[in-house]
Amino acid sequence: MQQYDVEAPAWLPALNLWVQKLGLWRALALLAGAVWLMAVGISQLAITLLGEGNRVIATLAASICAISITSVFGYLFLSLVQHLDKAHKNMTRHATLDSLTGTFNRRHFLELVEREWSRAKRYEMSCALLLMDIDHFKQVNDRFGHLCGDQLLREIAEVSIETLRQPDVLARFGGEEFIVFLPHTDPLGALDVAERIRERIEALDFSWRGEPVPVSASLGVAALHAEHITLDHLISDADEALYVAKSAGRNCVRAGAGLLPGRSSVTSG
C-alpha cells in the first residue's frame with residue numbers, strides 16, 4: 001500500500017505551542033479580548049464615517065456579539081488546534097516508529113540512512129552498518145509464547161539503544177532482526193560496537209513467569225568502501241556477514257570480506 005507524508009500547516013505548531021503555554025481558557029480569553037477590541041474599533045469607525053449613531057449602544061452591541069460568538073467558536077477552534085496537533089504527532093510517530101520496540105521502523109530507517117550514506121559516500125567519510133538477528137527466536141515464541149517474544153524484543157532494543165551513541169540509528173528491520181547505522185565509524189569501531197551489543201544481550205537477565213529464557217544474538221558487520229554503489233550493497237554485505245555468524249554457531253560477530261586489510265572475516269563471541 002502506498003504511503004503519503006502529511007505535513008502540518010506552518011502555523012499549527014506555533015499556535016498550539018501558544019495554547020499549551022497559556023492553557024486553553026487563558027488563550028480563549030485573550031482571543032475573545034482581541035476580537036472584542038476589533039469589534040468595538042470597527043463599530044466606532046463606522047459611526048465616525050457615517051457621522052451618526054449612538055456610540056454607547058454600538059459599543060455594547062459589538063461587545064455582546066464579539067464575546068458570545070468568540071467564546072463559542074473560539075473554544076471549538078482552539079480545541080481543534082490541539083486535536084490536530086496531537087493527531088499529527090501520532091501520525092508522525094506511527095509513520096516512523098516500530099510500535100512494538102519504539103525504535104525506527106524499516107521505512108523510516110532507510111529514508112534517514114540514505115541521506116547519511118550519500119553524504120558519507122560523497123565526502124569520503126567513514127560509516128558502518130550492523131545487522132543483528134536474535135538467536136533461536138522462533139523457539140522462544142513456541143516455548144514461552146508471543147508475549148514473551150515481544151517483551152524480549154523490547155528489552156533487546158533497550159539495551160542496544162543504551163550501547164549506542166546519540167548519532168547512531170537503530171531500527172527494527174523485520175521480525176527478530178535489527179539494523180544499526182554507525183556514522184563516522186571505522187571498521188574497528190564498528191566491530192567494537194557490535195561486540196558490546198552482543199555482550200549486553202548475552203548478559204540480559206531475562207525470565208518469563210519465573211523461568212529463565214536464554215538470550216543471545218548474532219551480528220554481521222559491514223563498513224563503507226568504494227565498491228558500495230548503493231546503500232543496498234552495504235546492507236547486502238552486512239547480511240552476508242550475518243549469515244556467516246549464524247552458520248558459525250550464533251552468538252558471535254562476523255565481518256564480511258574486505259572489512260579489514262588482510263583478513264577475510266573477524267570472529268568474536
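Is asparagine 251 buried or exposed, and what is its relative accessible area? In this predicted model, in which local features need pLDDT of at least 70, side-chain atom pairs count only at pLDDT 80 or more, and totals for chains, interfaces and linings use all residues, asparagine 251 is buried, with a relative accessible area of 18%; here buried means under 20% relative accessible area, exposed over 50%, and partly exposed in between, with a 1.4 Å probe and protein chains only. Residues are numbered from 1 along each chain as its sequence is written, and side-chain values use heavy atoms, with hydrogens and water left out.

Of the 269 residues in the protein chain, 41% are buried. Among contacts in the protein chain with a separation of 6 or more, 66% are accounted for by residues 24 or more positions apart, a contact being defined by heavy atoms within 4.5 Å.

Asparagine 251 is placed in the loop between α8 (231-247) and β7 (253-255), and its phi is near 55°, a positive value in a residue other than glycine. Glutamate 124, in the loop between α4 (106-122) and β1, likewise has a phi near 55° and is a residue other than glycine. Glutamate 124, however, is exposed, with a relative accessible area of 76%.

Helices α4 and α8 pack at an angle of about 105°, with their axes 10 Å apart, where axes are lines fitted to C-alpha atoms, for helices over the stretch in contact, and angles run from 0 to 180 degrees between N-to-C directions. This angle makes α4 roughly perpendicular to α8, given that angles under 35 degrees count as roughly parallel, over 145 as roughly antiparallel, 65 to 115 as roughly perpendicular and the rest as oblique. Leu110, Val113, Glu114 and Trp117 of α4 make the contact with Leu231, Leu234 and Ile235 of α8. By class, the contact comprises six nonpolar, no polar and one charged residues, with Ala, Val, Leu, Ile, Met, Phe, Trp, Tyr, Cys and Pro counted as nonpolar, Asp, Glu, Lys and Arg as charged, and the others, Gly among them, as polar.

Histidine 228 belongs to the loop between β6 (217-223) and α8 and counts as buried at 1% relative accessibility. With residues up to four places away in sequence not counted, histidine 228 touches Trp117, Lys121, Ala223, His233, Leu234 and Asp237.

Helix α6 (residues 146-163) has 18 residues that should span 26 Å at 1.5 Å a residue, and its end C-alpha atoms are 26 Å apart, which agrees. The residues buried in α6 are Cys148, Gly149, Leu152, Leu153, Ile156, Ala157, Val159, Ser160 and Thr163, and the elements covering them include β1 (127-134), α5 (137-144), β2 (169-174), β3 (177-183), α7 (187-202) and β4 (207-208). With α5, helix α6 packs at an angle of about 135°, the axes being 6 Å apart, and the two helices are therefore oblique to each other. In this contact, Phe137, Val140, Asn141 and Phe144 of α5 meet His146, Cys148, Gly149, Leu152 and Leu153 of α6; by class, there are six nonpolar, three polar and no charged residues.

The largest nonpolar core has 36 residues, and Leu130 and Ile156 have the most contacts inside it; such a core is a set of buried Ala, Val, Leu, Ile, Met, Phe, Trp, Tyr and Cys residues joined through side-chain atoms within 4.5 Å. At least two residues of this core come from each of β1, α5, α6, β3, α7, β6 and β7. Apart from neighbours within four places in sequence, leucine 130 is in contact with Phe178, Ile179, Val180, Leu182, Ala190, Val193, Ala194, Ile197, Gly220 and Val221. A second, separate core of 19 residues includes Ala120, Leu129, Ile235 and Leu242.

How values were computed: Helix = DSSP H or I, 4+ residues; strand = E, 2+ residues; numbered from the N terminus. Expected span 1.5 Å × (residues − 1).
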